[in-house]
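Subject: Structure handover

Hello,

Here is the structure for your files. My notes on it follow below.

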Amino acid sequence: MEIVKLEEKDNCVRVAVKGRIDAVTAPEFEAELNQWVSQGTADLLMDLNGLDYISSAGLRSILGITKKLKKDGRALMLCSLRDTVKEVFDISGFSTIIPIYDSPEAALKKR
Amino acid sequence: MSAITLTAELSQLADLIAFVRQAAQSAGFVPDRIREIELATEEALVNIFQYAYPDVMGKVRIDCRMVNDSRLAVAIADYGIPFNSLDFPDPDVGAGLEDRHTGGLGVFLMKKLTDDRQYRREGNQNILTLVFDKPGSGKDRIGDTAQSEPFDRSESWP
């Protein structure tokens, strides 16, 4: 699992999340993002184009981060999900509580 | 038929999953379905680590075998306290953000991604068997267990 900051513009930070978020890597994923959330003030766009795999442990982390941002009046958006990752968001119903876009451009336009 | 036995703890998760991935690859599953097989197995294992062995460390054994050349059966045995994750109530996947809880979500994913699943207590073992149909073998992939051939529940692992 790897998180790379891609760009920051219009009060939105875009990060790429790559690899696998499973029960082993989810705590690290959540800790890294939480640190960023507590330091910044911008919205967060997670580009998941490079994410191969996510399990319920990763969903739990994403839910926690979403709630934290919302409390602060900020938003979390996801974009560019691969089919198998999108399927996990659909089955779990997370697609209905977290905005998901086809591309980073679409996400920034809709925001 | 192949099997692996390791300590039931998170540090062994990657090796246990890799074992199941290899079995699914040898069985000829496509990469997307293999990720689903990995995911269902991870969710099963993580719950076993937590609930079958709440206080003590123990072993977990995975057997992978093909049934009728068309279904992969992943049997996960542990020697912990009686624990059946299939009894978990399904989470409310329609709840809004504030009311959303993630308890039971892993097992819910596991149920949705398997074509059949069975739990039994045998002696001092919990045995959870996850079954995955191979696409193109004449059976639908997700949730349509009614049309699937019944999984032979009398057969025992290991």
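A residue is called buried under 20% relative accessible area, exposed over 50% and partly exposed in between, with a 1.4 Å probe and protein chains only. On that scale Asp10(A) is exposed at 59% relative accessibility.

Some conventions before the rest. This is a predicted model, in which local features need pLDDT of at least 70, side-chain atom pairs count only at pLDDT 80 or more, and totals for chains, interfaces and linings use all residues. Residues are numbered from 1 along each chain as its sequence is written, chains are lettered from A and ligands numbered from 1 in the order in which they are written, and side-chain values use heavy atoms, with hydrogens and water left out.

Confidence

pLDDT is the predictor's confidence in each residue, on a scale from 0 to 100. Chain B averages 89, and 85% of its residues score at least 70. Residues 139-149 of chain B stay under 50, and the model has 24 contacts for them beyond four places in sequence; a contact means heavy atoms within 4.5 Å. Where pLDDT is low, the predicted coordinates should not be read in detail.

Chain B

Helices (H or I, at least four residues) and strands (E, at least two) are DSSP runs, numbered from the N terminus. Chain B has 3 helices and 5 strands, in the sequence pattern β-α-α-β-β-α-β-β. Of the 158 residues in chain B, 51% are buried. Among the contacts in chain B with a separation of 6 or more, 68% are between residues 24 or more positions apart.

Leu130(B) sits in strand S5 (residues 125-133) of chain B and is buried, at a relative accessible area of 0%. Leaving out residues up to four places away in sequence, Leu130(B) touches a list of residues including Ala40(B), Ala44(B), Leu72(B), Val74(B), Ile76(B) and Met110(B).

With residues up to four places away in sequence not counted, Ala77(B) touches Lys59(B), Val60(B), Arg61(B), Gln125(B), Asn126(B) and Ile127(B). Ala77(B) and Gly94(B) are 17 residues apart in sequence, and their C-alpha atoms are 33 Å apart.

Positive phi

Which backbone angle stands out at Asp10(A), although it is not a glycine? Phi is positive there, at about 50°. Asp10(A) lies in the loop between strand S1 (2-9) and strand S2 (12-21) of chain A. Asn68(B) is not a glycine and has a positive phi of about 55°. The loop that holds Asn68(B) runs between strand S2 (59-67) and strand S3 (71-78) of chain B, and Asn68(B) is exposed, with a relative accessible area of 55%.

Rings

Rings of Phe, Tyr and Trp (its six-membered ring) pair if their centres lie within 6.5 Å; planes under 30 degrees apart count as stacked, over 60 as edge-to-face and the rest as tilted. The count comes to 4 aromatic pairs over all chains. One of these is Phe89(A) with Phe94(A), edge-to-face at 6.4 Å centre to centre and 70° between the planes. Phe89(A) is buried at 0% relative accessible area, and Phe94(A) is buried at 0% as well. In chain B, the ring centres of Phe83(B) and Phe88(B) are 5.8 Å apart and the planes are at 65°, so this pair is edge-to-face. Phe83(B) is buried, at 11%. Ring pairs join Tyr51(B), Phe83(B) and Phe88(B) in a cluster.

A charge sits over a ring if NZ of Lys or CZ of Arg is within 6 Å of the ring centre and within 35 degrees of the ring normal. Arg20(A) lies over the face of Tyr53(A), 3.9 Å from the ring centre.

Pocket

On a 1 Å grid over the protein atoms alone, a pocket is an open set of points where a 1.4 Å probe fits, with protein on both sides within 12 Å along at least five of seven lines; lining residues have an atom within 4 Å of a point. Grid points are joined across faces, edges and corners, and a volume is the space filled by probe spheres set on the points. The largest pocket has a volume of about 280 Å³. Its lining has 22 residues, with Ser56(A), Ala57(A), Arg60(A), Val46(B) and Gln50(B) nearest the centre. H2(B) gives the largest share of that lining, 6 residues.

Regards
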